[in-house]
Amino acid sequence: MKTQLKLVAAGLASAVLAMSAVNAATPSETALPTITQELLAPPLLPPPITRKTPAKVVVNLTVEEVEREIAPGTRYTFWTFGGTVPGKMIRVREGDTVELHLLNLPDNKLPHNIDLHAVTGPGGGAAQTLIAPGNEATFTFKALASGLYVYHCATAPVGMHVANGMYGMILVEPKEGMAPVDREYYVMQGDFYTNGAYRAPGLQGFDMQKAIDEKPTYVVFNGADGALTGANALTAKANEKVRMYFGVGGPNITSSFHVIGAIFDRVYTEGGTHYQENVQTTMVPAGGSTIVEFTPRVPGNLTLVDHSLTRAFNKGAIGLLAVSGPDRPEIYSKGIKKPLAGAVAAAPAAAKPAAKPAPVVADRAQQLRGKAVYDSNCSACHQPDGKGVAGVFPPLANSDFFQQRPYEMAHIVLNGRNGEIVVNGEHYNGVMPPQDLSDDDIAAVINYVGVELNKGTPAVTPAQVRDMRKSRQP
Ligand code: HEC
Ligand SMILES: [Cu+2]
């Protein structure tokens, strides 16, 4: 911040000098103070602009090829602008002149460039910035129109560079500035194509055929499954005005962007000038954006999703905004849950002690099946021995949480679970995705975990799982 101010001051001083010394130069060119763009890692972004006059904004964007997790235990080589997916957000004012420096680090393996949708000119800067590793390219453009614009690499094969994470956004604020809000966040959705299946462990390569067929393995927010959940969840207080700059890098998949539990007060459709009010879901094209504003009113988790829901629940497009604040029963209050009069109680919480279901039996065939389901579906997270990973994946072996209500564990496997959970005195706050398994497999794996890993008795039958599925909340 300090350096930025110093730079502004230096820019002003040199501009003043230049003007008094040589009055011949175009005043609009020389009079511009120079500002170096501050670059922050998403979901953060540079602060609102308070200037009322144009400036020359110098942006130093570094292309970095980095290997990191795309999902817990799954690694991937990302190509990035500034080391993050999405690339660092650029924030300028309508009428500013942007001097963009693209640096392709010497350790990188490939040539890269940048095409900014905020540029009026050929290729958005692509041809001028195409450089091999170990080079720097610059070009200058005037931010003529306000809006939220995507930038991306445009080096062949373009789809591959974008699929590896080479996209970000530039916000051009209108001359009069933007209305103040309490929180701003920067989120981009992208589709990824790996050789292995969703969450297959280890380092994964890029699968060009899946990309061509537009069959992503991952659809995620901010470059990784879990980038906005658990400890990385976004936060807000009730009654705060939240503004989200949301874009889709793609390369292929359009987003039906929705926040479960909120209504958008305003949506600046397609990142442009006009807004629509009271919107539930907004469509964002690949290479496009939107600005949404909403005001959480009650405490709890709001869930960001692509409402093309198998992407959310089976490919990673889920994020959380944890809202704190006092309860507001006049806006939202929990009622009761009870069985219908005359209905056979299904859930144990609702079962009358007298109507306890007959003991469940699991034969040897079901136990073997349970072990097979466990090994292929649960062991990657909960570990082959069921002991979990401290602080990340709770244990299933000797789990007090499991033992207290084994029957209800089938709900967790069926519907997934997220949020605060305490197992054997340790706190966890992760996301378990719903498991795409048959009724038989869910009953088998729960009984396997109950009998083999918790020394208990079988707790659930396939028929009970089928009933749970039928009564599943949307
Ligand atoms: C991708 C990782 C992942 C996979 C795969 C997974 N879980 Fe989980 N599971 C979690 C996480 C994370 C939690 C904690 C969720 C939270 O904090 O709210 C959890 C919680 C649980 C719990 C409740 C807590 C406990 O320790 O008793 C049970 C039961 C459970 N999982 C069973 C299963 C079963 C059975 C399978 C396989 C069919 C499975 N899980 C597959 C990640 C996973
Ligand atoms: Cu590139």
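The shell around ligand 1 is made of 20 nonpolar residues, eight polar ones and two charged ones. Keep in mind that this is a predicted model.

**Around ligand 1**
- In total, 30 residues surround ligand 1, and the closest are Cys378, Cys381, Pro394, Gly430 and Met432.
- Several elements each give two or more residues to this shell: the helices α8 (379-382), α9 (400-404), α10 (409-415) and α11 (439-453), plus the strands β22 (417-423) and β23 (426-432).

**Helix α11**
- α11 runs for 15 residues and covers 20 Å from its first C-alpha to its last, close to the 21 Å you'd expect at 1.5 Å a residue.
- After α11 comes Lys455, which has a positive phi, near 50°.

- Thr84 sits in the loop between β3 (74-81) and β4 (90-93).
- Why does Thr84 count as buried? Because 23 other C-beta atoms lie within 10 Å of its own, and 20 or more is the mark for buried.
- Setting aside neighbours within four places in sequence, Thr84 is in contact with Ala41, Pro42 and Gly223.
- Thr84 and Asn222 are 138 residues apart in sequence, yet their C-alpha atoms are 8.3 Å apart in space.

**Cis peptide bonds**
- Most peptide bonds are trans, and most residues other than glycine have a negative phi.
- Val85 and Pro86 are joined by a cis peptide bond, with omega about 0°.
- Pro86 belongs to the loop between β3 and β4.
- Another cis bond goes from Gly250 to Pro251, with omega near 20°.
- Pro251 is in the loop between β14 (242-250) and β15 (255-260).

**Positive phi in loops**
- Arg199 isn't a glycine, but its phi is positive, about 65°.
- You'll find Arg199 in the loop between β10 (183-192) and β11 (202-204).
- Arg199 is buried because 21 other C-beta atoms lie within 10 Å.
- Glu270, also a residue other than glycine, has a positive phi near 55°.
- Glu270 is in the loop between β16 (264-268) and β17 (275-279).
- With 17 other C-beta atoms within 10 Å, Glu270 is partly exposed.

How values were computed: Residues are numbered from 1 along each chain as its sequence is written. Chains are lettered from A and ligands numbered from 1 in the order in which they are written. This is a predicted model: local features need pLDDT of at least 70, side-chain atom pairs count only at pLDDT 80 or more; totals for chains, interfaces and linings use all residues. A residue is near a molecule or strand if its C-beta atom, placed from the backbone, lies within 6 Å of it. Helices (H or I, at least four residues) and strands (E, at least two) are DSSP runs, numbered from the N terminus. Ala, Val, Leu, Ile, Met, Phe, Trp, Tyr, Cys and Pro count as nonpolar, Asp, Glu, Lys and Arg as charged, and the others, Gly among them, as polar. A residue is buried if 20 or more other C-beta atoms lie within 10 Å of its own, exposed if 12 or fewer, and partly exposed in between; C-beta atoms are placed from the backbone. Two residues are in contact if their C-beta atoms, placed from the backbone, lie within 7 Å. The expected span of a helix is 1.5 Å times one less than its number of residues.
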